[in-house]
Amino acid sequence: MMSIFAGEFQALQDSIFLKSYHQDVGSSCRCGKNLASFRCAGLEYCFQGHLSCQSCIVKAHAALPFHCIEEWNGTHFQATSLNSLGHIVHLCHAGELCPNVTHRQTLPRKMVVVHTNGFHKLSVQFCACYHSARDAIQLSNAQLFPATIEHPQTAFSFALLDHFYQSTLSSKKSLHDYHDGLVKLTEPVFPQDVPVWCYC
């Protein structure tokens, strides 16, 4: 069986090692304004992703807040987050900034949102229109189930809830084991650093 791969072993190994490096490191972003030093970490998110500058990676992920981002630090790619790069999730208004936010001077809320690929710290800007729904309903309309009705700071994606339901039906996995897996997906080296149910 392994003889099938023997002739291509070196090429396959080089391809796997590319995860630790990118041939475009040190080059300019496609926008031509800045150096490209950020990439989407997993091929399951942005297939064949290219390197981008900070503003382009945030813009490209405006509607993809659960993607994991890495930054080239001069020697290797290091995990960072869209949140730390200035990404804000805008609820309602088709993902655009609510026009009444500036009038009512509401700041984005720091939240922890749990998705199928782990725990994510997000800045969420709620709609500030006078006729807008309560915060918990705005989250629900965005496919995020709030942990509480009053001033939610934690939410769970509907995709996560469906994934957990399907996992428990087919594998009988406990909630504790499922949670443990999410923690290790988020931070495999220092799982104790993962925020649990509140924004830290």
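K184 is partly exposed, with a relative accessible area of 44%. Here buried means under 20% relative accessible area, exposed means over 50%, and partly exposed lies in between (1.4 Å probe, protein chains only). The model is predicted: local features need pLDDT of at least 70, side-chain atom pairs count only at pLDDT 80 or more, and totals for chains, interfaces and linings use all residues. Residues are numbered from 1 along each chain as its sequence is written, and side-chain values use heavy atoms, with hydrogens and water left out.

The chain holds seven helices and eight strands. Helices (H or I, at least four residues) and strands (E, at least two) are DSSP runs, numbered from the N terminus. The C-alpha trace spans about 65 × 50 × 30 Å along its principal axes. Of the 200 residues in the chain, 32% are buried. Among contacts (heavy atoms within 4.5 Å) with a separation of 6 or more, 52% join residues 24 or more positions apart.

K184 belongs to helix α7, as does D180. The helix covers residues 175-186, twelve in number. From first C-alpha to last, α7 reaches 17 Å, close to the 16 Å expected at 1.5 Å a residue. That expected span is 1.5 Å times one less than the number of residues. Y178, L182 and V183 are buried in α7. Viewed down the helix axis, the buried residues of α7 fall within an arc of 140 degrees, so they line one face of the helix. The arc is taken from the directions from the helix axis to the C-beta atoms.

Side chains of opposite charge can pair when their charged atoms come close. Across the whole structure, the search finds four salt bridges. The criterion is a side-chain nitrogen of Lys or Arg within 4 Å of a carboxyl oxygen of Asp or Glu. One of them lies in α7. D180 pairs with K184, and the closest N and O atoms are 3.2 Å apart. The two residues are four apart, about one turn of the helix. D180 is partly exposed, at 30% relative accessible area.

Another salt bridge joins E70 and R39, with 2.8 Å from N to O. E70 sits in strand β2 (residues 69-72) and R39 in strand β1 (residues 38-40), so the pair ties together parts that are 31 residues apart in sequence. E70 is buried, with a relative accessible area of 13%. R39 is buried at 8%.

E150 and R134 also form a salt bridge, the closest N and O atoms being 2.4 Å apart. E150 lies in the loop between β7 (144-146) and β8 (154-157), and R134 in the loop between β6 and α5 (135-141), so the pair ties together parts that are 16 residues apart in sequence. E150 is exposed at 55% relative accessibility. R134 is partly exposed at 47%.

The second largest pocket has a volume of about 510 Å³. Its lining has 27 residues, of which A62, A63, L64, P65 and V89 are the closest to the centre. β4 (89-90), α5 and α6 each supply at least two lining residues. Grid points are joined across faces, edges and corners, and the volume is the space filled by probe spheres set on the points.

I88 lies in the loop between β3 (77-80) and β4. I88 is partly exposed, at 32% relative accessibility. Leaving aside neighbours within four places in sequence, I88 contacts P108, S123 and Q125.

H93 is in the loop between β4 and α4 (101-104). H93 has a positive phi of about 50 degrees, although it is not a glycine. At 32% relative accessibility, H93 is partly exposed. A94 is found in the loop between β4 and α4. The phi of A94 is positive, near 55 degrees, in a residue other than glycine. A94 is exposed, with a relative accessible area of 80%.

Conventions. On a 1 Å grid over the protein atoms alone, a cavity is a set of points where a 1.4 Å probe fits but cannot get out, and a pocket is an open set with protein on both sides within 12 Å along at least five of seven lines; lining residues have an atom within 4 Å of a point.
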